[in-house]
Amino acid sequence: MDQTVVFSNIFILFILLGMGYFAGRRGIVSANATRDMTALLLKITLPATVFSSMVRDFDAELLRSGIQALWLGALFLLLGLALVFPLARWLRVPQKQRGVWRFAAACPNNGFMGFPIILAVYGEDGLFLAALINLDCTLIFYTIGVWLVSRDAAAGERLSLRGVLLSNVNLAMIAGLFFFLLQIQPPAFLTTAVGYLADITTPLSMLVTGFSLAHDKPSDLFREKQAFSAALTRLILLPLLFLLLIHLLPLDANALAPRVVVLNLAMPSAVLGLMLATQYNCDVDLAGKSIFFSSLLSAATIPLLLLIL
């Protein structure tokens, strides 16, 4: 792969993120508009992107890579969660912050930032695998992840696991797999319309990420050392561990699936952590700052990881 092209694509994405941050800080885009655009992404354009990546000619090798990505993604996610459990105690994270810290350290923003970055780096084959890994993330985040955040906090309103599992992104993945496995070709007008929506996803997702980061002052972030340690665990410690494992396990480390898994799981902290912290009356400030700091730091760590991958 031409590294110049890869870094050019990554650089473009973070320029868009910076433009979103600028627009948010200057009040060009309101908080209400940010919520509306986030809903547009999650409910329409991201599902369109996933579906579009899966409607393709049958490829047995890609299917084998997908199966590998599924089990490898689940293994690495569970391993990361197992590691951050004692790590929170070793780093002396306060008891009331441990659930939020562990979630922020172990759970990546695999869809919102992961999809457009993987699409830019590995193309539609990579996005196909990333959509399958998203199933691992959905199942684990909303079971073990919810338990982690809620165990040390006052119980809040119960989240709907059914609603999460049947999210538009997951439904689009299931529909796309149906067309892929049975080799049914949708009408041309439908694929064209879906393609137009998919084209919106990458720039809009990076802009919205920038909008969301603009609500906190960078100077406030550096006063929260727990957010710093969570971000370093999320962006450096775990990706390096996963990178080591794909060379130690009986895998072809240069194959597409292991590289997509490592890159997808090296994204900043998942925004879901903030939602869960709010839901269960936990440390919302730590959740928000972990997302903010890890998102900013990822502008350096993701390109560096690509040099190794």
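Trainee: Where does Arg92 sit?
Mentor: In this predicted model, Arg92 is in the loop that links helix H3 (60-90) to helix H4 (98-106).

Trainee: Is Arg92 buried or exposed there?
Mentor: Arg92 counts as exposed because its relative accessibility is 73%, over the 50% cut-off.

Trainee: What about the phi of Arg92?
Mentor: Positive, about 60°, although Arg92 is not a glycine. Most residues other than glycine have a negative phi.

Trainee: And Gln183, what's its phi?
Mentor: Also a positive value, near 55°, and Gln183 is a residue other than glycine. You'll find Gln183 in the loop between helix H7 (168-182) and H8. Gln183 counts as partly exposed because its relative accessibility is 32%, which falls between the 20% and 50% limits.

Trainee: Let's zoom out. How many helices and strands does the chain have?
Mentor: 13 helices and 0 strands. Read from the N terminus, the elements are α-α-α-α-α-α-α-α-α-α-α-α-α.

Trainee: How much of the chain counts as buried?
Mentor: 52% of its 309 residues. The chain exposes about 13900 Å², and 66% of that comes from carbon and sulfur atoms.

Trainee: What share of the contacts with a separation of 6 or more is between residues 24 or more positions apart?
Mentor: Those pairs make up 87% of them.

Trainee: OK, the core. Which residues have the most contacts inside the largest nonpolar core?
Mentor: Phe76, Trp101, Ile117, Phe141 and Leu263, in a core of 93 residues. Helix H5 (residues 114-150) gives the most to this core, with 18 residues.

Trainee: What is Trp101 in contact with, leaving aside neighbours within four places in sequence?
Mentor: Val84, Leu87, Ala88, Leu91 and Val93 are among its contacts. Gln226, Ser229, Ala230, Thr233 and Leu286 are on the list too.

Trainee: Thr233, what happens in H10 there?
Mentor: H10 has a kink of about 40° centred on Thr233.

Trainee: Switching to H2: where is its kink centred?
Mentor: On Leu41, with a bend of about 45°. Helix H2 (residues 31-54) has 24 residues and reaches 33 Å from first C-alpha to last, close to the 34 Å expected.

Trainee: What does the side-chain oxygen of Ser30 reach at the start of H2?
Mentor: The backbone nitrogen of Ala33, to within 3.2 Å.

Trainee: Which residues are buried in H2?
Mentor: Among them are Thr34, Met37, Leu41 and Thr45, plus Leu46, Pro47, Ala48, Thr49, Val50 and Phe51.

Trainee: Tell me about Thr45. Why does Thr45 count as buried?
Mentor: Because its relative accessibility is 1%, and buried means under 20%. Not counting residues up to four places away in sequence, Thr45 touches Leu40, Leu197, Ala198, Ile200 and Thr201.

Trainee: Last one: which helix holds Gly210?
Mentor: Helix H8 (residues 188-213). Gly210 is buried, with a relative accessible area of 0%.

Trainee: What is Gly210 in contact with, leaving aside neighbours within four places in sequence?
Mentor: Leu17, Gly20 and Tyr21.

Technical notes:
Residues are numbered from 1 along each chain as its sequence is written. This is a predicted model: local features need pLDDT of at least 70, side-chain atom pairs count only at pLDDT 80 or more; totals for chains, interfaces and linings use all residues. Side-chain values use heavy atoms; hydrogens and water are left out. Helices (H or I, at least four residues) and strands (E, at least two) are DSSP runs, numbered from the N terminus. The expected span of a helix is 1.5 Å times one less than its number of residues. The bend at a residue is the angle between axes fitted to the seven residues ending there and the seven starting there. Buried means under 20% relative accessible area, exposed over 50%, partly exposed in between (1.4 Å probe, protein chains only). A polar contact is a pair of N or O atoms within 3.5 Å; within protein, one must be able to donate a hydrogen and the other to accept it, and residues adjacent in sequence count only if both atoms are side-chain atoms. A nonpolar core is a set of buried Ala, Val, Leu, Ile, Met, Phe, Trp, Tyr and Cys residues joined through side-chain atoms within 4.5 Å. Contact means heavy atoms within 4.5 Å. Accessible areas come from the Shrake-Rupley method with a 1.4 Å probe; for residues, only the protein chains shown count as cover.
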